[in-house]
Amino acid sequence: MMAFYMKKPIAIEAHQMTIDNLLTLTEWSNHKAEITAKPDGTPTGMMVWTLEGAMSGALGDYLIRGVRGEYYFCRKDIFEETYEEV
């Protein structure tokens, strides 16, 4: 017999990564997220240490602080399908 489950409604804090807020997100994540860049210094996104190891995020992705204080990225399209602002 199959069982169905629904994700519990838990509020999380998240910020969409833009070229203009990379330094702010670094501070918000307590410096767990670091800016990544091309060899010429052009920012490409960020890298964050998650519970499972290093994770990269691109500009436009969302940086999320989870229920246990952990940080991780979520692609924009998936974030917008999964979450709504409260």
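The largest pocket holds about 640 Å³ of space, a pocket being an open set of points on a 1 Å grid over the protein atoms alone, with protein on both sides within 12 Å along at least five of seven lines. The volume is the space filled by probe spheres set on the points, and lining residues have an atom within 4 Å of a point. Of the 21 residues that line this pocket, Ile-10, Ala-11, Ile-12, Thr-82 and Tyr-83 are the closest to its centre. The structure is a predicted model, in which local features need pLDDT of at least 70 and side-chain atom pairs count only at pLDDT 80 or more, while totals for chains, interfaces and linings use all residues. Residues are numbered from 1 along each chain as its sequence is written, and side-chain values use heavy atoms, with hydrogens and water left out.

Three aromatic pairs were counted, where rings of Phe, Tyr and Trp (its six-membered ring) pair if their centres lie within 6.5 Å, and planes under 30 degrees apart count as stacked, over 60 as edge-to-face and the rest as tilted. The rings of Trp-28 and Tyr-71 have centres 5.4 Å apart and planes at 85°, so this pair is edge-to-face. Trp-28 is buried at a relative accessible area of 15%, as is Tyr-71 at 3%, buried meaning under 20% relative accessible area with a 1.4 Å probe and protein chains only. The rings of Tyr-62 and Phe-79, with centres 3.8 Å apart and planes at 10°, are stacked, and both residues are buried. Tyr-62, Phe-79 and Tyr-83 form one aromatic cluster.

Terms used: 1 Å grid on protein atoms, 1.4 Å probe; cavity = no way out; pocket = protein on both sides within 12 Å on 5 of 7 lines; lining within 4 Å. Buried < 20%, exposed > 50% of the residue type's maximum accessible area, 1.4 Å probe, protein only.
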